[in-house]
Amino acid sequence: MMRALQCYALLPALAWSLAPPQVLDAKTVAHSLWQERDLFETSVHALITRGPAGPPAFRLAYMPCRNRGEILRLMLEEAQVPYELEIVGFRAWRDGGVKATTPHGKLPVLRDYDGRGADLGQEGAITRFLARKLGLAGRTPEEEATVDSLYCFWFATLRNNGVSHDGEHFSCAALKAVEDVGELARPPYGAVFRQNTLSKAERSLVALDFFEKTLADAGTGFLVADAPTVVDLGLFYILYELGEDDICPDWADKSPRSSRRRRACRATPGALTARASTPTSPGATRPT
Ligand SMILES: N[C@@H](CCC(=O)N[C@@H](CS)C(=O)NCC(=O)O)C(=O)O
């Protein structure tokens with residue numbers, strides 16, 4: 001038993017030395033991903049350098065999909081710091097030993113986050129750490145608390161608690177299927193009980209309305225105070241995705257209020273750069 005445990009302890013180091021990621025440019029990685037298409041068939045294990053020249057300040061490892069990595073990637077792009085993106089295809093993850101190199105056997109991971117070789121696991125922890133490091137967490141403890149509260153709200157609703165980009169609380173597919181948004185029930189979020197009979201499309205709208213109101217109340221174009229924070233970036237990419245060609249390109253006509261928000265977010269240079277220059281994550285449908 002002891003022997004087995006000792007071997008297991010050696011696994012991460014072994015696996016890492018056996019399969020270092022290949023340094024590749026974003027286009028090459030994107031090409032291989034679009035060829036393989038199915039997330040679970042992706043075999044790439046690559047390192048992409050991003051941001052201005054200079055020694056990388058961070059290395060973020062994630063699979064080639066948006067779900068738990070997108071908000072992290074957007075923060076790094078928004079802050080315009082040099083960083084590395086370690087893209088781990090599912091086959092490299094499962095068969096190539098990368099899983100064993102992570103603290104919880106899960107991605108995302110921020111490699112060597114403390115400068116002493118330790119890796120940070122858990123999306124929420126990485127989000128908060130990066131937000132603080134990159135000046136996207138709020139400027140005072142009070143602003144930080146407001147941002148954190150909105151982040152939790154965003155995660156529970158628009159992110160369906162991290163499980164999927166399309167679920168019970170928010171669903172682009174359900175919004176896409178709606179002919180007339182005006183027909184739907186839209187109670188304020190605070191009036192809705194946890195157990196409710198709203199449809200997925202209605203829950204999605206209720207959550208979006210909450211953000212619209214928060215934004216209108218702030219009156220600055222940002223959700224908290226007068227500067228972009230992590231939660232602005234979270235809302236940005238959810239709305240961006242909603243309006244994508246294969247999802248709901250007519251969203252602006254269906255719900256003019258949300259499209260205003262998307263236009264406002266478009267002015268953020270880092271987020272725009274991210275969208276334009278790192279097409280590494282095809283949309284993936286989670287198998288049920
Ligand atoms: N609680 C973790 C969950 C992470 C998670 O489930 N990650 C998925 C990818 S989105 C994963 O690593 N799946 C592969 C596996 O479980 O081996 C977090 O918030 O980071």
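1. Start with L242 and its contacts. Once you set aside neighbours within four places in sequence, L242 touches C172, L175, I247, C248 and W251. The residue sits in helix 9, which covers residues 230-242. Keep in mind that this is a predicted model. L242 counts as buried because 25 other C-beta atoms lie within 10 Å, and the cut-off for that label is 20 or more. A173 is also worth a look: L242 and A173 are 69 residues apart in sequence, yet their C-alpha atoms are 8.9 Å apart in space.

2. Staying with helix 9, check how helix 3 (residues 70-79) packs on it. The two axes are 9 Å apart, at an angle of about 120°, and the crossing is right-handed. From helix 3 the contact uses E70, I71, L74, M75 and E78, and from helix 9 it uses V230, L233, G234 and Y237. By class, that comes to 6 nonpolar, 1 polar and 2 charged residues.

3. Strand 6 pairs with strand 5 (residues 109-111) in the antiparallel sense over 2 bridges; V109 has G121 of strand 6 as its bridge partner.

4. Now the ligand. Around it you'll find M63, N67, R68, K99, G105, K106, L107, P108, Q122, E123, G124 and G162. Sorted by class, this shell has 3 nonpolar, 5 polar and 4 charged residues.

5. A few backbone spots deserve a second look. Most peptide bonds are trans, and most residues other than glycine have a negative phi. The bond from L107 to P108 is cis, with omega near 10°. P108 is in the loop between helix 4 (90-95) and strand 5, and both L107 and P108 are among the residues around the ligand.

6. Q122, also listed around the ligand, has a positive phi of about 85° without being a glycine. Its loop runs between strand 6 and helix 5 (123-133). Q122 is partly exposed, given 16 other C-beta atoms within 10 Å.

7. Last one: is N161 buried or exposed? N161 counts as exposed, with 11 C-beta neighbours inside 10 Å. This residue isn't a glycine either, but has a positive phi of about 55°. Look for N161 in the loop between helix 6 (141-156) and helix 7 (172-177).

Technical notes
Residues are numbered from 1 along each chain as its sequence is written. This is a predicted model: local features need pLDDT of at least 70, side-chain atom pairs count only at pLDDT 80 or more; totals for chains, interfaces and linings use all residues. A residue is near a molecule or strand if its C-beta atom, placed from the backbone, lies within 6 Å of it. Ala, Val, Leu, Ile, Met, Phe, Trp, Tyr, Cys and Pro count as nonpolar, Asp, Glu, Lys and Arg as charged, and the others, Gly among them, as polar. Helices (H or I, at least four residues) and strands (E, at least two) are DSSP runs, numbered from the N terminus. A residue is buried if 20 or more other C-beta atoms lie within 10 Å of its own, exposed if 12 or fewer, and partly exposed in between; C-beta atoms are placed from the backbone. Two residues are in contact if their C-beta atoms, placed from the backbone, lie within 7 Å. Axes are lines fitted to C-alpha atoms, for helices over the stretch in contact, and angles run from 0 to 180 degrees between N-to-C directions. A crossing is left-handed if the near helix is turned anticlockwise from the far one by less than a right angle, and right-handed if clockwise. Two strands pair if DSSP finds at least two bridges between them.
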